[in-house]
Structures are given as structure tokens and as C-alpha cells.
Amino acid sequence: MRKFLVFTQKEFYHIFRDHWTMIILLVLPILMILFFGFGITTEINNARFAVYDPSNDMATQKIIDKIQTSEYFTLEAYLNNPAEIETIFQKGEISMLMVFSEGFYENMVHTGDAQILFIADGTDPNTASTLVSYASRLIAAFQQEEMGAAGTPPYQIHTEVRLLYNPTLKGAYSTVPGVMGLILMLICAMMTAVSIAKEKELGTMEVILVSPMPPLMIIISKMIPYFVVSIINYLTILVLAVYVLDVPIVGSFFLLTMLSLLFIFVSLALGLLISSLLETQIAALLGSVMGLMLPTVLLSGLMFPIENMPIFLQVLAQMVPATWFISAVKSVMIMGLGVKSILTELAVLGAMAVVLIAVSLKKFKTRLE
Amino acid sequence: MKVIETRDLTKRFGSFTAVDAISFEVGQGEIFGFLGANGAGKTTAMRMLCGLSKPTSGYGQVAGFDVTKNPEKIKKSIGYMSQKFSLYEDLKVWENLRLFGGIYGVPEKEINPRIDQLLETLGFESEKNTMVKELPLGWKQKLSFSTAIFHEPKIVFLDEPTGGVDPAARRQFWELIYDAADRGITVFVTTHYMDEAEYCDRVSIMVDGRIDALDSPGNLKKYFKVESMDEVFFQLARGAKAKE
């Protein structure tokens, strides 16, 4: 047991004494969550929008006035026919378009079926959804005012949102779960892989293997510091998410933590597997970036919706642990669902953990023979 | 008393025989040189003796423990220094000693006094808190050796310990080896340098997985009728080529 403690202590020394490691472990996650996070919530001022208004009546004029006088929007153009919709977006002159239904005022008062369609540029989904939600709030405020003044029976304006180029955007809160997956994968897998590869490269691993330290103990000692650090990261991310980015934890904190621990195990095992296949630090680093980081960023749904991918990439995405983790975090943290709704994710991650740990332990042992 | 003993110890990888039925004995306190060209099977033989690799056949005991049945017990009784520099560069001198003392089960109370005593013997007192990466190579190797025998093992295995240092530094390093042997620690050393071979009590020379010669450097030179170990080695190596 004392062997185990002195060896683990040594691992902490390695981390504390290397400034770059410290920065990667503790500062990078904070920067990442803030960069990604503020992509969602940055206040947008004077976004340019255009209007297609076939009704051109009292109500539509009031609404347009209300929106363009707000600090968020500037009216750029009136369109004369629907054909211009595509071209004006392609020119990149506006980021949102409002389309009113015909006979807007009449419908608003009589049938309650007045409609506004917001079309936004989905190539920048965060901005798009922010704009649309601002505009919708302004419409809602308008309805409130009208009701109060006239005292007429409540009538409804239906707003409908369509995002060009990225129609399956899931909502503004998707970034926090994604970045959480990315950071935990980065810290656990990459740093573990690099630290084991470092000992192999420098020759110290050989000396440790000749010593009475059992191989399993060596591995566990190597993992503990990164395990501790990733729990710190996990808590930091949640604190930043809740207090800085205003993304609430709707579901159970306990369930979210258990889920994250499971994902941390999977990541540690992946790091171990990579380090058992590769001999040098630089190879381990590149291996982690190519084998873990890129799939996590590109395929897990963090950046691009999986539903929009070609079928081949969709299949590939199912093999990325972060895909399952991010989906489960969204369910628990954002949607507030219980354990029943993430059973599939838990089962897949659990199976991945078992298989990866078994394979990498076997690899680690055979290397000794 | 024999601290290392092998009979027909063999290791095969597939159809390739890396170590071919070697038999030898090493006595306590002896400095035993283990020579051979690259690829002659030195490293594989040494890995079996250290309990890192299971023999395919044959018998071997190290410090009284069977290499096949009790490799974990062997690991506790030996020290090991590899050809690559093998201390942690980002740990201080005393932290390295403490780490390996802890791993090898040196009692907690004894660790600090032993570190102080060791540093005094080496004349390293002022470097106790120095990061190992700041030491010159010759010092690192001395420290590395001292770390390998910090837990007073019965046998210490040195795998080309003096690579990259000049003959003067090698000579100094060997002073430490003699001290250890005087204290009764058996030294099992592989080397490329024939001047080092001369320092050993006995040397074995491996060619193509077999031990082709085993005796004191003096006797070997007499037998081959040459002036230096260099020439002994050259004659044996040429024998290996002639057979191919």
C-alpha cells in the first residue's frame, strides 16, 4: 500500500512541476467552456434583418417598428417578392428575415391565425437561435401590450422558426454537454496516454517494471491524478455553466455525476489503450488527437448534428464514446430526464468501459512477456 | 554460495531462439561481466533473470528463487539500472531515492537517515534538493546506481550502465561498483566497453544466444593467447560470422 502511495505522489509531482501540464489541466477547460459557452449567450446588437410583408397593415407596421427600434435589430431591407429570400441570404447582408402571412391584421383580430415566419442563417446556429429568440420575445411583448390597451379578447400570433442550412439545430444549450465530453476526454485519455508514453520513452518504465510494483498498481497510480483532475474539471464546468452561462442543471446532480464518472472511466481506459499501442510521447499525443479529439469534435454531435451526416459517418459516430455521453448529459442536465431515459447510453458506455479496460490490460501485460 | 544459477535456460520467440540453453553460476559478491554483440541475446537473458520474461525451458534461480515460479520474489531481492538513464528528471535527488526506497519496501524510519548517509558518501550533500535534470550525466549515473542498490539488494543488474560517458567517469563509476561488491552485493553487468570487461571478476561472452566463453579476463586472454579483452571478443565474434 505504501508503494502505491509513494508512486501516486510521484505522479502528482510530475503534474505540479510541469507548467504546461498544469495549464492544459486546469486553465484550458475553463477557457474552452467560456469560449464555447459565450458563443451561445453573447449579447447581439444591431443585427441586420429584412422583412417580407405582403399584408402591410397596421399590425405589421407596429411589429416591424417595435423590432427595429430595439437595440438588437436594424432594419436592412424590405423584400418585394419571395424569390429574393434566397439571394439576400447568399449575399450575406442580413442574418434574419421576417415573413408575415397575408392579411395579417384581419387574421390576428378575427381568426387568431396571424403568422410570422422567422428565417435565420443557420450556418452560425448560435447566433441564429439567439436572434430568433430575441425577436420572438419582442413579438410576445407586443401581444401583451395590444391586449392590455384594447381589452379585446386575447388573440394569437403564431410565430414559426425556420433555420436555413442547419434545420436540425437542437437548441442553445447543446454546447455545455458537448464541451464537457470534449474536456473530460482530453484530460483523461490524452494526458494518461502521454504520461505513460513519457515513462516508456525515457526508460523509467523499464525500471518500474523490474521493481516489485505490480503492473496493475502502476496503471492505477498513473490514472488517479487524472481522475482527480477530471473531477475538478467536471465541477468547474458545472459551476461555470450554471453561474456564468446560465445553463441550469434541470435533472439530478447525482445521476449526472454518476454518468460523468462512467465516461471518465471510459476515457482513462482509452488513454491506456493508446499508450499501450504507441511508444513515444509525440506518437501518443498525435494518436490521441487523431483518434479521440477529432472524432469527439466532429462526430459526437458537438459541432454537427449526427442526423445530417452520411450514413457511414452516422455509424462511425455510434462508436465515439462522447456521442453517447453528450446525448445522456443533454437528457439529464438540460431536459431533466431520469435514469430510465438514459439506460441505453449507460449500457453502451458501461460496455465500452469493460471492453477497453480488458483489452488494454491484456495489451499492457503481453508487452511485458 | 551461488546467488545466480542457470541450467539450459532457453527462450524462443516463435522459431527464433534468442537464448540457447545457457548454463552458468555467479557467486555472492562477485562482479560478473555479461558480454556479447548486439542481438546476441544478452538483454533477453537478463530479462529472464530479472523476472520480466518467462523462460521457454530450462532452470534458473536468482537469490534463491525460481525464475519461472517466483519472479515476484526475485523482483524484491534485486536492483536494476537500465541503459537509458532511469531516474525521474523532474523529481529532486532525495525524492527519487525516497520513491524507490518506498517501492522496494525500505522501512519508513530508515529512509531519511539512509538518504543522508548515501549523499554524504557520494559527496552529494549539497545536491539533495536539486532537480535531477540539472545534474551532469556522470553524476546522474552514479546516483542512478546508488538508487538501484538503495534497498541493499542481494544482486544488482546493470544494463550497459556507463553508455555515453568518458573513460575517466567510467573509472569513477566502477569505484562504486567495487564498494557495492565489497559489501556483498553481487554485480551482474552488461557492457560494450572492453576496458570495463577487464574490471570484472569473471566474464561470459554470448554469441548467437549461447555462452561461448566464461572465465576471468586473465584466463581468457591466456587461452586465446592475446593481450586484451578486445581481441578475445574479436576472435569469438569472428567465429560467429564464420558459421553463418
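Of the 244 residues in chain B, buried ones make up 41%; a residue is termed buried if 20 or more other C-beta atoms lie within 10 Å of its own, exposed if 12 or fewer, and partly exposed in between, with C-beta atoms placed from the backbone. The structure is a predicted model, in which local features need pLDDT of at least 70, side-chain atom pairs count only at pLDDT 80 or more, and totals for chains, interfaces and linings use all residues. Residues are numbered from 1 along each chain as its sequence is written, while chains are lettered from A and ligands numbered from 1 in the order in which they are written.

**Confidence**

The model scores ipTM 0.84 and pTM 0.73. The predictor's confidence in each residue is given as pLDDT, on a scale from 0 to 100. Chain B has a mean pLDDT of 89, with 98% of its residues at 70 or more. For chain A the mean is 81, and 88% of the residues reach 70 or more. Within chain A, confidence is lowest in strand E5 (residues 157–164), at a mean of 59, and highest in helix H10 (residues 253–277), at 92. The pLDDT is below 50 over residues 164–172 of chain A, although this stretch has 23 contacts in the model beyond near neighbours in sequence. Where pLDDT is low, the predicted coordinates should not be read in detail.

**The two chains**

Helices (H or I, at least four residues) and strands (E, at least two) are DSSP runs, numbered from the N terminus. Two residues are in contact if their C-beta atoms, placed from the backbone, lie within 7 Å. The table sets out these properties by chain.

The C-alpha trace of chain B spans about 55 × 40 × 30 Å along its principal axes.

**Helix H5 of chain B**

Helix H5 (residues 137–148) of chain B has 12 residues and reaches 16 Å from its first C-alpha to its last, close to the 16 Å expected at 1.5 Å a residue; the expected span is 1.5 Å times one less than the number of residues. Buried residues of H5(B) include B:Gln141, B:Leu143, B:Phe145 and B:Ala148. Their cover includes strand E6 (78–81), helix H3 (93–103), helix H4 (108–122), strand E7 (155–159) and helix H6 (167–182) of chain B.

**Contact between the chains**

In the interface, 21 residues of chain A are in contact with 21 residues of chain B. On the side of chain A that touches chain B, the elements giving two or more residues are helix H1 (2–17) and helix H8 (204–210) of chain A. H1(A) gives the most, with 8 residues. This side of chain A divides into 10 nonpolar, 4 polar and 7 charged residues; Ala, Val, Leu, Ile, Met, Phe, Trp, Tyr, Cys and Pro count as nonpolar, Asp, Glu, Lys and Arg as charged, and the others, Gly among them, as polar.

**Nonpolar cores**

A nonpolar core is a set of buried Ala, Val, Leu, Ile, Met, Phe, Trp, Tyr and Cys residues joined through C-beta atoms within 7 Å. In the largest, of 131 residues, A:Val266, B:Val156, B:Phe157 and B:Val187 touch the most other members. Helix H7 (residues 175–202) of chain A supplies the largest share of this core, 17 residues. Another core lies apart from it and has 21 residues, among them A:Met96, A:Leu97, A:Ala120 and A:Leu131. A:Leu131, in helix H6 (residues 125–150) of chain A, is buried, with 21 other C-beta atoms within 10 Å. A:Leu131 and A:Met96 are 35 residues apart in sequence and 7.4 Å apart in space, C-alpha to C-alpha.

**Backbone exceptions**

Most residues other than glycine have a negative phi. B:Ala63, not a glycine, has a positive phi of about 55 degrees and lies in the loop between strand E4 (57–62) and strand E5 (65–66) of chain B. B:Lys225 likewise has a positive phi of about 55 degrees, and its place is in the loop between helix H8 (217–224) and helix H9 (229–243) of chain B. B:Ala63 is partly exposed, with 19 other C-beta atoms within 10 Å, whereas B:Lys225, with 9 C-beta neighbours inside 10 Å, counts as exposed.
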